[in-house]
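Please open the model in your viewer and keep the sequence panel beside it. The stops below are meant to be selected one after another.

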Amino acid sequence: RTGQPADGEVVVIGAAATIRGAGDDVTSEPGALGDEIARSDRGTAAVGSADMATLDGLPVIKRPAAVGAMTSSGSVDLGAVDESVLVADPTAPFGVRVDEAAFVAETVRAMDSAALTILDPGELDRAYAYGSASSEEQYDELRQAALRRTDALLGAIVDELPPDTMLLVVAVTPPSSTWELTPLVAYGAGVHPGRLVSPSTQRADLVTLTDVSATVLEALGLERPDGMIGRPLEYQDGAADIGGLAAMNDVATGRERVYYPVAITFIVMQALVYLAAILILSMGGPTPTRFLQALRFTVVTFAAWPLATFLVRIVPDLMTLGVVTHLLIWAVALALAALAVRRTGHPLAPLQLLAVLTMAVLLVDVSTGSHLLQSSILGYSPHTSNRYTGFGNTAYAVLAPCALIAAVLLVDRSARRKEALLAAGALLGLVIVIDGAPWLGSDVGGILSLVPVCALLLAHLSGRRVGTKAVVLAGVATAVVLAVAVGADLLRSPSDQTHFANAFDDGSNIVDTLQRRWSANVRIFGRSVWTWMVPIIAVLGVYVLVIARGWRRLLPAGSPLRAGVMGLFAASVLGWLVNDSGVVVTALFLVFIGPYLTLVVIADRFGGPQLLEPAPVDDEPGTGAIAREVRAG
């Protein structure tokens with residue numbers, strides 16, 4: 001099946017399917033660890049079997065230890081993964097359990113010859129699978145018995161451990177259908193008593209599975225192969241904060257439980273409101289003032305919703321309340337909207353306030369340790385994410401549109417264009433630095449998408465023509481900023497370096513990286529609930545910009561507001577291309593584009609200063625565009 005010889009004692013016949021199933025967007029395929037060990041002329045071994053049966057008694061072959069130890073040909077040099085390490089026992093799940101004596105004997109044989117031995121007695125797998133047909137009391141008893149047998153085996157292996165051997169006890173997946181944080185213990189050669197820490201996560205006591213292979217290779221004195229992510233585990237004095245980890249797990253579990261209901265409700269609400277708004281606004285005659293006021297408040301609530309998801313996370317336990325968490329997010333969003341709609345002086349004044357507040361909260365949070373981003377709805381979860389600090393893709397997709405909106409409205413509302421441009425440039429520069437600095441936001445995709453858009457936006461706002469030359473210069477500026485960020489990361493100690501510096505160590509190139517990201521983007525587009533934001537805002541955009549003639553009438557050429565719309569759309573598309581979260585990034589940009597366009601239409605429908613005072617007008621083109629439209633009737 002692999003086209004390669006598989007001459008070990010153990011052969012994984014599903015190796016080819018496993019490798020193919022990993023997908024095209026991974027940098028290191030299954031079997032890479034075994035291949036690297038084989039290249040050093042040392043062997044791998046696997047001992048243990050999780051074989052069981054269906055509830056009807058049909059045999060089920062389950063031997064995952066061999067997958068971890070195999071080469072890309074599916075070969076494992078030695079070991080025992082069949083019934084030879086099992087014994088019949090009518091009191092055990094499916095009438096079978098591990099044979100302790102045979103398991104230990106095979107492990108000793110493997111450790112004598114192999115550089116890497118992976119052990120899996122399979123006891124917990126059998127107990128969990130049997131639980132679906134057992135009473136809760138019986139399942140608890142069987143699970144405790146499985147734990148005792150596993151723990152006894154571990155003690156026996158420790159007694160036989162050669163002096164130059166490291167033992168890693170790893171719970172690869174949780175023994176249930178619910179994702180949980182699982183324990184990892186290191187013991188033996190090279191291990192210093194204390195706490196395990198991971199340079200990959202930069203979080204106290206939190207390590208990641210990709211670090212295991214890197215730790216194994218370092219212990220064997222081998223280099224990581226190209227594309228293999230993860231960093232060798234390190235040690236610190238002191239004891240791990242088990243209580244803190246349990247609390248982290250509870251918050252992450254709560255977040256995973258409510259994520260999809262919260263996201264779906266938010267998206268459906270926008271679809272219903274924008275559809276109703278289009279239908280009513282497209283009717284002939286004057287639009288009722290109460291409807292316009294209600295619509296204004298509603299779309300401002302949508303713009304406040306992302307900030308609300310982070311503010312609720314201030315009290316971690318609030319993320320564990322299920323439906324109450326859902327309701328709290330909307331309650332906070334409504335309160336923020338009630339505050340924002342009091343802002344007048346410009347049609348987009350409420351949106352400007354929310355953009356500034358959201359941006360401030362995110363920048364301060366990342367600068368102080370990214371506490372709000374972890375396990376928040378639009379942050380990242382230690383259960384499902386490959387990022388643990390800095391700006392993830394979703395948080396960036398909230399920060400970037402807020403920064404662009406704040407900068408555009410700063411210029412549009414100011415009678416002093418030059419000073420406003422300098423202030424807007426300083427604001428965008430600050431956002432880029434915090435988003436891209438390896439020790440803060442550590443966001444490569446943010447640099448690649450935000451720097452060129454900000455450069456072109458500032459050029460447009462200054463009255464310069466944005467042509468091919470400007471686009472080339474924006475690309476050069478992006479390359480320079482990225483090079484500075486990479487250089488700064490390379491100057492840091494290896495344990496503190498991030499993926500900026502590591503990108504030059506894994507053998508990847510920009511073409512491979514972009515291909516992997518595009519593959520991930522295509523996959524996500526068809527699966528993510530956030531994909532629905534695209535048609536929702538596309539319909540709204542067609543109505544506002546084409547049917548209502550907003551592109552020329554409400555967003556006249558040369559106006560900062562038109563530049564803002566162009567910048568938001570451009571950044572949303574570019575963010576889609578360079579971030580592996582794909583359409584999710586674009587969708588969160590659209591969350592802010594919807595209110596942006598709607599508030600412009602509402603101001604036009606009022607036909608006067610009922611809700612807002614005209615913005616200052618000066619002699620420079622584009623400033624106060626909506627104010628002039630309102631005055632013109």
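The tour goes from the whole chain to a sheet, then to helices and single residues.

**The whole chain**

Begin with everything selected, and bear in mind that this is a predicted model. The mean pLDDT of the protein chain is 88, with 91% of its residues at 70 or more. Shown as a C-alpha trace, the chain spans about 90 × 55 × 50 Å along its principal axes, and its secondary structure comes to 22 helices and 13 strands. Of the 633 residues, 50% are buried; among contacts between residues at least 6 apart in sequence, 71% join residues that are at least 24 apart.

Now colour by confidence and select residues 608-633, where pLDDT stays under 50 although the model has 59 contacts for this stretch beyond four places in sequence. Helix H22 (residues 625-631) has the lowest mean pLDDT among the elements of the chain, 43, whereas helix H10 (residues 323-340) has the highest, 97.

**An open sheet of three strands**

Select S6, S2 and S9 together: these 3 strands form an open sheet in the order S6-S2-S9, with parallel pairing. Strand S6 (78-80) and strand S9 (114-119) are at the edges with a single partner strand each, so one side of each has no neighbour in the sheet. From one strand to the next, the twist averages 10°. Strands of a sheet pair through backbone hydrogen bonds. Strand S2 (residues 43-47) is joined to S9 by 5 bridges, and if you pick alanine 46, its bridge partner in S9 is isoleucine 118.

**Leucine 222**

Which residues does leucine 222 touch, not counting residues up to four places away in sequence? Select leucine 222 in the loop between helix H7 (210-219) and strand S13 (234-236), and you will find that it touches Glu36, Ile37, Ser40, Arg42 and Leu217. Leucine 222 has a relative accessible area of 16% and is therefore buried, the cut-off being under 20%.

Next select helix H18 (residues 533-547), which has 15 residues and reaches 20 Å from its first C-alpha to its last, close to the 21 Å expected at 1.5 Å a residue. Which residues of H18 are buried? They are Met533, Ile536, Ile537, Leu540, Gly541, Tyr543, Val544 and Leu545. Because these residues cover an arc of only 165° around the axis, they lie on the same side of H18. An α-helix has 3.6 residues a turn, so residues three or four places apart point the same way. On the other side of H18, Val546 and Ile547 are exposed.

Then step past the end of the helix to arginine 549, which follows H18 and has a positive phi, near 55°.

Helix H13 (residues 417-436) has 20 residues and reaches 28 Å from its first C-alpha to its last, close to the expected 28 Å. Among its buried residues are Arg417, Ala420, Leu421, Ala424, Leu428 and Asp435.

In the loop between H13 and helix H14 (444-461), select serine 442. Its phi is positive, about 50°, although serine 442 is not a glycine. Most residues other than glycine have a negative phi. Serine 442 has a relative accessible area of 5% and is buried.

For another positive phi, go to serine 370, whose value is near 60°. Serine 370 lies in the loop between helix H11 (349-367) and helix H12 (393-412), and at 2% relative accessibility serine 370 counts as buried.

The last stop is proline 560 in helix H20 (residues 560-578). Is proline 560 buried or exposed? At 1% relative accessibility, proline 560 counts as buried. Finally, label the distance from proline 560 to tyrosine 260: their C-alpha atoms are separated by 36 Å, and the two residues are 300 apart along the chain.

Note on methods. Residues numbered from 1 in each chain as written. Predicted model: local features only at pLDDT ≥ 70, side-chain atom pairs only at ≥ 80, totals over all residues. Heavy atoms only, no water. pLDDT = per-residue confidence, 0-100. Helix = DSSP H or I, 4+ residues; strand = E, 2+ residues; numbered from the N terminus. Contact = heavy atoms within 4.5 Å. Expected span 1.5 Å × (residues − 1). Buried < 20%, exposed > 50% of the residue type's maximum accessible area, 1.4 Å probe, protein only. Arc of directions from axis to C-beta. Pairing = 2+ DSSP bridges. Axes fitted to C-alpha atoms, helices over the stretch in contact; angles between N-to-C directions.
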